[in-house]
Amino acid sequence: MDFEAFFDDRLNGLRNEGGYRVFADLERIGGSFPRATLGLGDERQEVTVWCSNDYLGMGQHPAVVTAIKEAIDMFGAGAGGTRNIAGTNPVHVLLEREIADLHGKRAALIFNSGYMSNWATLSTLGAQIPGLIVFSDAANHASMIEGIRHSRCQKVIWRHNDVSDLESKLREAVPRAPKLIAFESVYSMDGDIAPVREICDLADKYGAMTYLDEVHAVGMYGTAGGGIAQREGLSDRLTIIEGTLAKAYGVMGGYIAASARLCDFIRSFSSGFIFTTALPPALAAGALASIRHLKKSPLERARHQDRVRRVRSQLDLYGIPHVANPSHIVPIVIGDALKCKWLSDVLLHDFGVYAQPINHPTVPRGTERLRITPTPLHSDTDIQHLASALRSLWSRCAVSVAAA
């Protein structure tokens with residue numbers, strides 16, 4: 001077999017259908033977010049970032065940056081290995097205590113990414129609990145899907161956010177079989193929010209554990225940034241709350257918060273935790289500072305929600321259709337991969353607006369989109385410029401309102 005020809009053929013197929021991913025040479029500028037520099041060498045252009053998951057701009061917050069610098073001076077650059085081999089740094093312990101407190105749980109366990117925390121936890125539970133059935137929302141993130149698949153346990157997929165379908169499938173399952181319901185709070189592509197209370201009610205009724213992915217909600221919602229579960233007063237009803245340190249908290253890493261026994265179980269049986277080099281202490285220190293700040297400060301969340309409302313209002317004023325949802329994510333559905341990439345390219349190079357196209361397989365074919373994520377640091381002028389640029393390109397892109 002000519003492997004190189006095979007690779008080339010498949011890549012050309014992606015290019016022809018508009019799904020080939022191009023990574024922008026984008027340089028974040030400390031202290032200037034959402035400004036960034038596009039390009040290398042002499043070909044450089046200042047752009048405004050509109051698709052970052054650093055939702056609150058905490059990646060450049062002075063308290064976070066200072067904590068990271070001080071931790072590097074104190075501990076060095078890396079963790080030195082796994083926590084089993086290199087030991088647990090005190091800042092790891094402090095961060096896990098802070099996360100447990102944030103979610104009202106007895107313990108927490110940190111991982112190198114949200115992807116790893118989902119994959120490792122779900123794969124371990126599915127593989128280790130005899131006969132476990134995992135009921136997975138149809139729109140769950142790839143990391144959850146891969147973790148469940150890797151476990152080789154029985155899985156049942158229920159229609160997205162459809163509690164009637166979930167109950168139907170729970171009712172059909174073997175009554176004595178152990179069960180786990182896995183779902184997200186805020187879904188990152190459409191920005192819709194799960195009916196968490198109703199799902200908890202079903203979990204109680206059928207004796208199931210619950211696994212809630214809050215990666216797009218932690219830091220953003222709740223009195224202290226504990227996510228949708230905290231906002232709705234439901235944290236105590238969830239078996240496991242999973243989150244990230246890489247989005248609203250602006251650093252890197254993932255975690256679970258649960259009972260002390262469950263966290264110890266994952267720590268003891270999960271290869272994805274045991275054999276992975278620990279999060280660098282400096283990043284853990286930055287995440288710790290970020291969580292502590294957002295626990296006490298509601299200002300970033302309030303300003304952020306104001307910016308989201310203003311973006312939606314300006315898009316409505318200019319007739320730019322966007323998906324209505326109750327979250328901070330503003331999807332503008334284009335419905336065609338080639339048009340979506342064209343629109344993104346022109347926005348970037350002609351208007352200095354960076355909004356990366358979201359194509360298949362991240363979203364289903366025919367729902368390709370720009371995913372706009374306002375931050376507290378976007379100004380009124382930034383918002384006006386974004387909306388004006390989209391209005392000027394909308395008819396040229398020939399996107400129908402029906403498709404959007």
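Lys179, Ile181 and Phe183 point one way from strand β7. Leu180, Ala182 and Glu184 point the other way. Both sets are buried. This picture comes from a predicted model.

Strand β7 covers residues 179–184. How many of its 6 residues are buried? The count is 6 of the 6, so the strand is largely enclosed by the rest of the structure. Lys179 and Glu184 belong to this buried set, on opposite sides of the strand.

## The neighbours of β7

Strands of a sheet pair through backbone hydrogen bonds, and they run either parallel or antiparallel. Which sense applies to β7 and strand β5, residues 133–137? The two pair in the parallel sense, over 4 bridges. Within this pairing, Ser136 stands opposite Ala182 of β7.

Strand β8 spans residues 209–213. It also pairs with β7 in the parallel sense, here over 5 bridges. Phe183 has Leu212 in β8 as its bridge partner. To get from β7 to β8, the chain passes through helix α8, residues 196–206. This β-α-β crossover is right-handed.

## A four-strand sheet

Now turn to another part of the chain. Here 4 strands form an open sheet, in the order β1-β2-β3-β12. The pairing in this sheet is mixed. Which strands stand at the edges? They are β1 (26–28) and β12 (353–354). Each has a single partner strand, so one side of each is left without a neighbour in the sheet.

Inside the order sit β2 and β3. Strand β2 covers residues 35–38, and strand β3 covers residues 45–49. They run antiparallel and are joined by 4 bridges. Ala36 stands opposite Val47 in β3.

How many disulfides does the structure hold? The number is 0. Take Cys153, which is in no disulfide. The nearest cysteine sulfur belongs to Cys263 and is 19 Å away. A disulfide needs two sulfur atoms within 2.5 Å. Cys153 is buried, with a relative accessible area of 15%.

Cys200 is in no disulfide either. For Cys200, the nearest cysteine sulfur is again that of Cys263, at 17 Å. Is Cys200 buried or exposed? Its relative accessibility is 1%, so Cys200 counts as buried.

## A nonpolar patch on the surface

Some nonpolar residues sit on the surface. Met1, Phe3, Phe6, Phe7, Leu11, Leu14, Tyr20 and Val22 form a nonpolar patch there. Together they have about 760 Å² of accessible area.

Where is Tyr20? It lies in the loop between α1 (3–16) and β1. Tyr20 counts as partly exposed, at 33% relative accessibility. Buried means under 20% and exposed means over 50%, so the value for Tyr20 falls in between.

## Two cis peptide bonds

The peptide bond from Phe33 to Pro34 is cis, with omega near 15 degrees. Pro34 lies in the loop between β1 and β2.

Pro361 is in the loop between β13 (357–358) and β14 (369–372).

Ala142 is in helix α6, residues 142–151. At 41% relative accessibility, it counts as partly exposed. Ala142 and Thr362 are 220 residues apart along the chain.

## Positive phi angles

Arg152 is not a glycine, yet its phi is positive, at about 65 degrees. Arg152 lies in the loop between α6 and β6 (154–158). It is exposed, with a relative accessible area of 79%.

Asn161 is another residue other than glycine with a positive phi, near 60 degrees. It sits in the loop between β6 and α7 (163–172). Is Asn161 buried or exposed? At 18% relative accessibility, Asn161 counts as buried.

Key
Residues numbered from 1 in each chain as written. Predicted model: local features only at pLDDT ≥ 70, side-chain atom pairs only at ≥ 80, totals over all residues. Heavy atoms only, no water. Buried < 20%, exposed > 50% of the residue type's maximum accessible area, 1.4 Å probe, protein only. Pairing = 2+ DSSP bridges. Right-handed = clockwise from strand over helix to strand, strands pointing away. Patch = residues over 30% accessible without salt bridge, like charges linked within 9 Å, V, L, I, M, F, W, Y side chains within 5 Å. Areas by Shrake-Rupley, 256 points an atom, 1.4 Å probe, with all protein chains shown as cover. Salt bridge = Lys/Arg side-chain N within 4 Å of Asp/Glu carboxyl O.
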